[in-house]
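Here are some exercises to work through with the model open beside you. Try each task before you read its solution.

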Amino acid sequence: MQRSINRDIDTVMKYAPDSFPADNKAELQTTYHRGYGLYKATCTGAGCHGASDHGRDTIPFFNLLQLDNYEASAKKHDPENHAVTAKLSPDQLSDILSFLFLRTLSRQVVAQQAKDKTEKK
Amino acid sequence: MRLLDEIQTAPISTDAGLESIRKEIAATRLKLKAIDFWLRYLEPIDYKKINGPLPVEWETEVFEKWEKPYKREAAGLTLAELYLDEEMIERDTLLKLIQLSIDATKIFTADSITRHLATPDHFFFANRLFLMNLATVYTTGFECPNTENVIPELHNMISEVKMIYACFNKSFSATPLPDAYLGLHENMLAFVTAQPQDFAQFDHFTFIKDYVNPLFALNQQLIQRYKVVSRSFNDYSINNNALSIFDKSFYRMQHPKGVYSLVEDPTVLNEIDRIGKLLFYDPILSTNNMRSCASCHIPKQYFTDTTAQTALQFDRQQRLPRNTPSLVNVIYNHLLMLDGKHISLQAQAKDVISNLIEMAGNEKEIVAKVLSCKEYKTAFKKLLKYTPGETEVSNRHILSAITFYYSKFSYSVAPFDEAMHKQQQLDEQSKTGFNLFMSKAECGTCHFVPFFNGVKPPYVGSEFEVIGVPADTNFSRISPDSGRYKIHPASETLNAFRTGTVRNIEHTKPYMHNGIFNSLEAVLEFYNAGGGQGRGLDVANQTLSGDSLHLTADEKIALIAFMQSLNEKITFENPPPRLPVSSNETLNTRKVAGEY
C-alpha cells in the first residue's frame with residue numbers, strides 16, 4: 001500500500017504546476033499517509049469500505065461528488081451515516097477526505113494519460 | 001394580506017396611521033407565533049425573512065465554519081416594526097419588508113423537508129427546538145422589539161401548540177406524547193396565564209426550571225424511547241442524550257482531543273492529560289524558553305490573568321492589544337478568539353504559540369526541543385499508536401495534548417445549573433437577577449442560555465456584537481481594535497467581537513476585549529448607559545441599543561448576584577513540581593510556567 005500511495009502522489013505531482021513547491025509535495029505526502037492511516041482505522045470495519053484484501057488495495061475510488069456529499073454530512077454529524085466521524089476532529093476528517101480525493105485524482109490523471117497516448121497514436 | 005392592505009392605505013405620516021399599522025403587525029405576529037413551531041424548525045434560514053431580528057447578519061454557521069461567512073439579509077415583522085420608529089418612513093420600504101416575508105412563506109410550501117413530516121420523527125425534533133427556544137429566545141425580546149408583546153406572544157404559542165400536540169397524537173398514535181407530558185404542558189400554560197404580562201415582571205427562572213426544562217427532558221426521553229431518527233442537519237447540533245438544557249454535554253462542542261480523538265481508554269487519556277499539563281506549564285514552547293501557556297492563562301485564575309489589563313508582549317516591553325480570555329468553557333464556542341479567527345482549539349493554540357508577539361515559537365524547533373526531553377519523548381512515542389496515520393511525533397500531538405488538558409476544566413456546574421436541576425435552592429436575589437438578565441437588562445438576547453455566551457441556540461453560529469467599547473475609561477474614543485473586521489471586512493463587522501460567556505465572570509476580570517473595565521459594576525454601568533453610543537461615542541453600527549436601560553441600584557446588585565451564581569465549582573490543580581529534563585543542557589534552566 002505504501003508504494004501505491006507514493007505512486008499516487010507521483011502521478012498527481014506530474015500534473016502539478018511548475019510553481020508547486022517541493023515543500024508542498026512533502027506536506028501532501030504526509031497528509032496522504034495520515035489520511036490513509038485514519039481511513040484504515042476508522043472506515044474499514046466489518047461491512048464497511050475495505051482497505052485491502054489478500055494484500056491488495058481495495059479502497060473504493062469515490063467520485064468527487066460522493067466525497068463532497070460525504071464531507072457535508074460528516075461535518076454536520078449525521079448520526080445515521082458514518083457515526084464514527086463524529087469522533088474525529090475536523091483536521092482528521094479533512095485528512096481522510098484529502099487522501100480519498102487525491103486517490104481519485106490520481107486515477108483520473110492515469111486515465112487522462114492513457115487517453116492522451118491513444119489520441120497520439 | 002390584511003397587513004399589506006393596512007400599510008397601503010394607512011396615512012403613514014400621522015401617528016394614528018402608524019398606530020394602526022403597529023396594531024396590525026401585532027395581530028400578524030400572533031398568527032405567526034401560532035405556527036412558529038414548524039416554521040422555525042423547517043427552514044431556520046428562510047425564517048429570517050419572515051421575522052429576522054437584524055437587517056444584515058454575517059453568519060458562520062457551525063456546520064459551515066470552513067466556509068466564508070454568509071451575508072443574511074433579513075426582512076419581516078420585527079424589522080417592519082422597528083422601521084416605524086424611524087424619522088422618515090417610506091411606504092415602499094415598509095411594503096418591501098412585508099412582501100419579502102410573504103414571499104418567504106412560499107419556500108416552506110415548496111421545501112422538500114416537509115415530506116419528512118409524514119413520519120413522526122421530525123415532530124420530536126421540532127418540539128425540542130420549540131422547547132429550547134422557550135428557554136432561550138422567545139422570552140427575551142430577541143425578535144420582539146415591542147417588549148409589551150413578549151408574554152402575550154409566548155402565551156399564544158404555548159396555547160396554540162396544544163392543537164399541534166393533539167393532531168400529532170391523533171395521527172401517530174403509536175408514538176404519542178404521553179399524559180405526563182401533556183399535563184405538564186397544561187400546567188405551563190396555566191403558569192404563563194397567571195404571570196404578569198410585563199416581561200420584566202415575568203418569572204423566567206421558574207418558567208424554565210419547573211416547566212420548560214422538565215418538558216425538554218421528557219421530549220429527549222421520547223426521542224430515545226421511540227428511537228427517533230432525523231435526516232435534517234438542523235437536529236445534529238444537540239446531543240440526544242442530554243436530559244437538561246443545562247447539561248454541559250447539551251451541544252456537540254469542539255474536539256478537545258485533537259489527534260487523539262479515537263482514544264477512549266481512561267488510562268491512556270490520563271497519560272495525555274499528564275503530558276498536556278506539563279506542556280501547558282512548559283516555556284519550552286516559546287522561542288526564548290521563558291513563556292508558557294500558563295504565563296497568561298493562569299490556571300488558578302480560571303485560566304486567565306486577572307492582574308493585567310492585557311498581557312505583556314513577547315518583547316517584554318509592550319502590551320498585547322487584547323485581554324487574555326479564560327480557557328474555561330472555551331470548548332463551547334464554535335468560533336475561537338475574540339474575532340472568530342479559528343475554528344478548532346488546536347488551530348487556536350498553534351496560532352498563539354507561533355505568534356511573534358506572544359510566544360514566537362517555531363514549529364520544527366518546538367518539536368525538536370520537546371523531544372529532547374526523555375519524559376516527553378517516551379510518552380509521545382508510546383501514544384503514537386493511538387494516532388493512526390501519524391508516523392512520527394509532530395506539533396499536532398503537542399497541541400492536542402495541551403487542548404485536552406485545559407478542556408477538562410470546562411465540565412463543572414454552577415449553583416445556577418444545580419438550581420435548574422432542582423438539586424439546590426437559588427437565593428431570591430439571584431433569581432431576580434436572572435429574570436432581569438432575561439428581560440429588562442437585555443443581556444439574554446446576546447448571552448444566550450444555557451452557556452450564556454454568543455452561541456446562538458441551537459448551536460447554529462456565534463454572534464459578534466458591536467457595543468462601542470472605549471479605548472479608555474474617560475470614553476474619549478472608541479477602542480481602535482477593528483475586531484471581526486480584520487478577519488472578515490464588512491461594514492457590519494467593524495469593531496465587532498465575539499460575545500463571551502458570563503459563566504465564572506466574577507473570577508475572570510478584567511472585562512471587554514481590551515480589558516478596559518476592572519469590575520462587574522463598571523461593566524453594568526457601561527451597558528446601562530447604552531454602550532459606547534450611550535456614552536457619546538460615535539459608533540455607527542452599534543448592535544446594542546444606545547438608550548439607557550434605566551436599571552436601579554438594587555437591580556444592578558441582583559444582576560451581579562445572578563452572575564455570581566454562574567461561578568462554577570472547579571477544582572484547579574497545583575502546577576507540576578518540575579519540568580521534564582532535556583538532553584540540551586541550556587534548556588534545563590527553564591522555570592515552571594515561565595518567567596513572564
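**Exercise 1. Count the salt bridges between domain 1 of chain B and domain 2 of chain B, then describe the rest of that interface.**

Step 1. Start with the charged pairs: there are 3 salt bridges between domain 1 of chain B and domain 2 of chain B, a salt bridge being a side-chain nitrogen of Lys or Arg within 4 Å of a carboxyl oxygen of Asp or Glu. B:Lys33 and B:Glu143 form a salt bridge, with 3.3 Å from N to O.

Before going on, a word on the ground rules. This is a predicted model, where local features need pLDDT of at least 70 and side-chain atom pairs count only at pLDDT 80 or more, while totals for chains, interfaces and linings use all residues. Residues are numbered from 1 along each chain as its sequence is written, chains are lettered from A and ligands numbered from 1 in the order in which they are written, and side-chain values use heavy atoms, with hydrogens and water left out.

Step 2. Between domain 1 of chain B and domain 2 of chain B, 10 residue pairs are in polar contact, both at pLDDT 80 or more.

Step 3. Ask which elements supply the domain 1 side. Those giving two or more residues are α2 (15–34), α3 (36–42), α4 (47–51) and α5 (77–83) of chain B; helices here are DSSP runs of H or I with at least four residues, strands are runs of E with at least two, and both are numbered from the N terminus. α3(B) gives the most to this side, with 6 residues.

Step 4. Sort that side by class: 13 nonpolar, 2 polar and 5 charged residues. In this scheme Ala, Val, Leu, Ile, Met, Phe, Trp, Tyr, Cys and Pro are nonpolar, Asp, Glu, Lys and Arg are charged, and the others, Gly among them, are polar.

Step 5. Finish with the totals. 20 residues of domain 1 of chain B are in contact with 29 residues of domain 2 of chain B, contact meaning heavy atoms within 4.5 Å. The two domains bury about 2,100 Å² between them, 65% of it on carbon and sulfur atoms. Buried area is the accessible area (1.4 Å probe) that two parts lose on being put together, summed over both.

**Exercise 2. How many residues of chain B are in contact with chain A, and how much area do the chains bury?**

Step 1. Count residues: 19 from chain B touch 22 from chain A.

Step 2. Take the area: chain B and chain A bury about 2,100 Å² between them, with 61% of it on carbon and sulfur atoms. On the chain B side, B:Trp66, B:His255 and B:Arg396 lose the most area to chain A, together 25% of what that side buries.

Step 3. Look for polar pairing. The rule finds 3 salt bridges between the chains, including A:Arg34 with B:Glu390, whose closest N and O atoms are 3.8 Å apart. The side of chain B that touches chain A has 8 nonpolar, 5 polar and 6 charged residues.

**Exercise 3. Is B:Ser292 buried or exposed, and what does its side chain reach?**

Step 1. B:Ser292 counts as buried because its relative accessibility is 3%; buried means under 20% relative accessible area, exposed over 50%, partly exposed in between (1.4 Å probe, protein chains only).

Step 2. A polar atom of the B:Ser292 side chain lies 3.1 Å from the backbone nitrogen of B:Ala294. A polar atom of that side chain also lies 3.0 Å from the backbone oxygen of B:Ala593.

Definitions and conventions: A polar contact is a pair of N or O atoms within 3.5 Å; within protein, one must be able to donate a hydrogen and the other to accept it, and residues adjacent in sequence count only if both atoms are side-chain atoms.
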